[in-house]
Amino acid sequence: MTSLWPRIEPLLARVQKPARYIGCEDGARTPEHSSRRVAWLLVYPDAYEVGLPNQGLQILYEILNERDDAVAERSYAPWVDLETLMRGHRVPLFSVDTHRPAGDFDLLAFNLSAELVYTNVLNCIDLAGAPVRAADRGPEHPLVVAGGHCAFNPEPLADFVDLFVIGDGEEVVSEITEVVGQWKAGGRTPGSRERVLRTLASVPGVYVPSMYDVDYEGPWLRAITPRFPEVPERVEKRTVADLAEWPYPKQQLVPLTEVVHDRLNVEIFRGCTRGCRFCQAGMITRPVRERPADQVRTMVADGLRRTGYDEVSLTSLSSADFSGIDGVVADIVNDPVNCGQVSLSLPSLRVDAFTVGVATEIQKVRRTGLTFAPEAGTWRLRQVINKLIREEDLYGAVEAAYSQGWRRVKLYFMTGLPTEMDDDTLGVARLARNCVAIGRRYHKGASVTASVGGFVPKPHTPFQWFGQNGVAELQRKVGLLRDDLRRDRAVQLRWHDPKATLVEGIASRGDRRVGAVIEEVWRRGGVFQEWSEHFDLNLWEEAMANHGLSPDWYVTRHRTDDEILPWDHISAGLHKDFLWQDWQDALAEHGLPDCRWTPCYDCGVCTDYGIEHVVASALAPAGGSQGTGQDLSVGGEVPVTLLPVGGRA
Amino acid sequence: MRLRVRFQKLGKVRWTSHRDVARMWERACRRIQLPLAWTGGFSPRPKLSFGLALPTGAESRAEYLDMELAPDVVVDVDGLPALLSPALPMGVDVTAVAEVDPKAPSLQEDVVSCTWRLGFAPGADLAVLVERALASSSLLVERERKGRLSVDDVRPAILTLDAVVTAQGEPELEALLATQPRALRPQELLRALDPALEATRVCRTHQWIERDGLQQEPLVAAPHAVGARAQ
């Protein structure tokens, strides 16, 4: 095999940010390919600076390269300037590690973290030299794999992807490697592609769309049925029971050029049981699995020494909920090796004063912005979405922030939530103004940035039955807030484009018929759709119309409990009747406390999979109400496994 | 303690920008736990100062930076190249380190000219272009700095210019270009010679300062350290 580098390099003088394409990161591998090793190309279907930091991709990159029977390299969607040159000079998609053509790999594995990248997936398959439709591929073409959160509704991409991985990838990539290794050793004979896919369909957590028939009745989905007896009716997600066994990435990649989240990232737990009803990540990654605190400390200390970063982020869906987070934070900040020059960030901050106390401790070095996500403007609506933050929790957090020297606080909200009335929408403006008033007691120039995003209902959540607000309605709600805040110079309002929200809605809850729309948008040049300068709603509306599909049917229509949903054959472990009951509770404005510290609600995950929460403390973390408004006096059995004292790293 | 470092930037890493290189150095110093002095103010930065920016895509055998160590820190200067090179990306290698007078002029002020080698695709007829350029009394080029366009006569900044053919038979230009009062960049030189001319490789081989009327390099590379690990 020859490297494409001599053909790529002359193109780089003519593109923006050429360092995106050179590899050479610290931690990058240059693996040795052989006929006995299954070659994976892990592709992030977005620009390098967005894809490089992705932890999921880096974890699998290391696990696969540690195996004797596999090699893994990486690729990212080439930006439009390079793509044009590549097509003009007949240069295919390439890996950044050894600049090998994508077509030389056995698997192209895509990470799907957002719906708007779907057209980029098709573009990458095409640039790799393979037919975009799975049915048109032969034994000479790589298998196309996709995983990540969006794979929990695989149907919109079902025509293009050979197999999906549902859930955590750490274990299943090895099982897939073994099956594909036999295929490779057998010489990939004609007809063998169907056989290997049929074998893969029996691997737990693997979904092979071509092994299922889909029946419709008019617009309605009637059934998705396996074509062979050994193919499962429902594909259950994979779950890594104990994060302590997977201390990855061990050698986080250090890019040579600027990327998002350009810092050391250490995952401190996976899963979240706060039960926010809009949050797909929280629903599909249950149960909570904490990494032992000692392992966190070791990964932080080793990572900082190796990478030379001066910032570390402790990542999870709600980092302030990690058992003993204040102790871990103090240990990192006060470690003499770090010379007081390492700053630390906690994404997804809880909204309470305790959290601000921790934030103050960690931002001694460099003070970054402080962001809270109340998500909705009134207590009533926050009960609907189960984000149980009381107004006084938010004001306590904001007061703590301003009194500790912050001058600007960012607040995140959604609009278009179930049952939202104009008073709820305007509640965003009231909260923002009240926060400014608190801030003025400490600084004359105190200000608040309120960001508002249109709500997109996601599969496997209680809101999967809800009819999303249309473009006009979202624009009207944003307009209400703009008018209300027009004279308020201390509140800066930002909002997400409602047109993009509509397209996210089409892809989020679409079925297999949406695939033709994605293909048409791609064929007409619609790539990088999550970048506002490339997004084009007309392309989507025209393609929907050309295929006789209605955005209203897919996006704004409320579903009923007897409807077969396009992802019903994919399981995150959550019982559909649990989700329906939670949807009814939402409409009745009933909140549901966190099951880590209260009795089990039997959502189905722990019981069906025989797994449990792994947390170091059965007590809710210190800090008063925890910003949840949760009544912690409720007794009962606590469904957790306790780690031995001191952890076990 | 102020140190002057000479390094090279060869191979794929040439596609990184000047800003990227600055970040690489900050990380490298932290990796070998070399305590730097920091600027004061709202957003403190480590005190690293680079010479004239190398264009993205160009290689160099003669890059320099000055670093100021934290107060009272004393290091073994001779041992530094062997520590720093492995902490830097493949293709970036330290070829010399020396202590300099804290009051010495900055690299930006001190460097008066740079030598460049520019490689071209076989068949480029460079001799005619060179002859014509050197015979001209002025060469006007439109160029941009900080968003402002200006038309400048760059002829005075071309100190020497030679067309050569390498041992492999590839045409090259060797140019000594002034950096004061305003540096002439290799791309601007090419535009002055022939707007259609495209170099396949650009390498800065030397930077020059003047001492007592003589030209010399800010630091001489240790012979054994050159050509180490380009990828």
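This is a predicted model: local features need pLDDT of at least 70, side-chain atom pairs count only at pLDDT 80 or more; totals for chains, interfaces and linings use all residues.
Local features need pLDDT of at least 70 and side-chain atom pairs count only at pLDDT 80 or more, while totals for chains, interfaces and linings use all residues. Residues are numbered from 1 along each chain as its sequence is written, and chains are lettered from A and ligands numbered from 1 in the order in which they are written.

**View 1. Chain A as a whole, with 21 helices and 21 strands.**
Helices (H or I, at least four residues) and strands (E, at least two) are DSSP runs, numbered from the N terminus. The radius of gyration of chain A, taken over C-alpha atoms, is 24 Å, close to the 26 Å that the globule rule gives for 649 residues, so chain A is as compact as a globular protein of that length. The globule rule is 2.2 Å times the number of residues to the power 0.38. The C-alpha trace of chain A spans about 70 × 60 × 55 Å along its principal axes. Of its 649 residues, 54% count as buried; a residue is buried if 20 or more other C-beta atoms lie within 10 Å of its own, exposed if 12 or fewer, and partly exposed in between, with C-beta atoms placed from the backbone. Two residues are in contact if their C-beta atoms, placed from the backbone, lie within 7 Å. In chain A, 78% of the contacts with a separation of 6 or more are between residues 24 or more positions apart.

**View 2. Helix 6 and helix 7 of chain A, side by side in a right-handed crossing.**
Helix 6 covers residues 172-185 and helix 7 covers residues 192-200; their axes come within 10 Å and cross at roughly 160 degrees. That makes the two helices roughly antiparallel. Axes are lines fitted to C-alpha atoms, for helices over the stretch in contact, and angles run from 0 to 180 degrees between N-to-C directions. Angles under 35 degrees count as roughly parallel, over 145 as roughly antiparallel, 65 to 115 as roughly perpendicular and the rest as oblique. A crossing is left-handed if the near helix is turned anticlockwise from the far one by less than a right angle, and right-handed if clockwise. Look for A:Ile176, A:Val179, A:Val180 and A:Trp183 in helix 6, which meet A:Ser192, A:Val196, A:Thr199 and A:Leu200 in helix 7. The residues of this contact divide into six nonpolar, two polar and no charged. Here Ala, Val, Leu, Ile, Met, Phe, Trp, Tyr, Cys and Pro count as nonpolar, Asp, Glu, Lys and Arg as charged, and the others, Gly among them, as polar.

**View 3. Helix 15 and helix 16 of chain A, in a right-handed crossing.**
The axes of helix 15 (residues 471-485) and helix 16 (residues 498-508) come within 9 Å and cross at roughly 140 degrees. That makes helix 15 oblique to helix 16. On the helix 15 side, A:Val471, A:Leu474 and A:Gln475 meet A:Pro498, A:Lys499, A:Thr501 and A:Leu502 of helix 16. Four of the contact residues are nonpolar, two polar and one charged.

**View 4. Helix 5 and helix 17 of chain A, also crossing in a right-handed way.**
Helix 5 (residues 118-127) and helix 17 (residues 514-523) have axes that come within 9 Å and cross at roughly 65 degrees. That makes the pair roughly perpendicular. Helix 5 brings A:Tyr118, A:Thr119, A:Leu122 and A:Asn123 to the contact, and helix 17 brings A:Ile518, A:Glu519, A:Val521 and A:Trp522. Sorted by type, these residues are five nonpolar, two polar and one charged.

**View 5. A:Gln295, a residue of helix 9 (residues 293-307) in chain A.**
With 18 C-beta neighbours inside 10 Å, A:Gln295 counts as partly exposed. A:Gln295 and A:Ala244 are 51 residues apart along the chain, and their C-alpha atoms are separated by 7.4 Å.

**View 6. B:Ala58, in the loop between strand 2 (48-50) and strand 3 (59-68) of chain B.**
B:Ala58 is buried, with 21 other C-beta atoms within 10 Å. Beyond its neighbours within four places in sequence, B:Ala58 is in contact with B:Arg14, B:Pro186, B:Val202, B:Cys203 and B:Arg204. The C-alpha atom of B:Ala58 is separated by 8.5 Å from that of B:Lys9, 49 residues away along the chain.

**View 7. The contact between the chains, with 16 residues from chain B and 14 residues from chain A.**
On the chain B side, the residues divide into six nonpolar, five polar and five charged.
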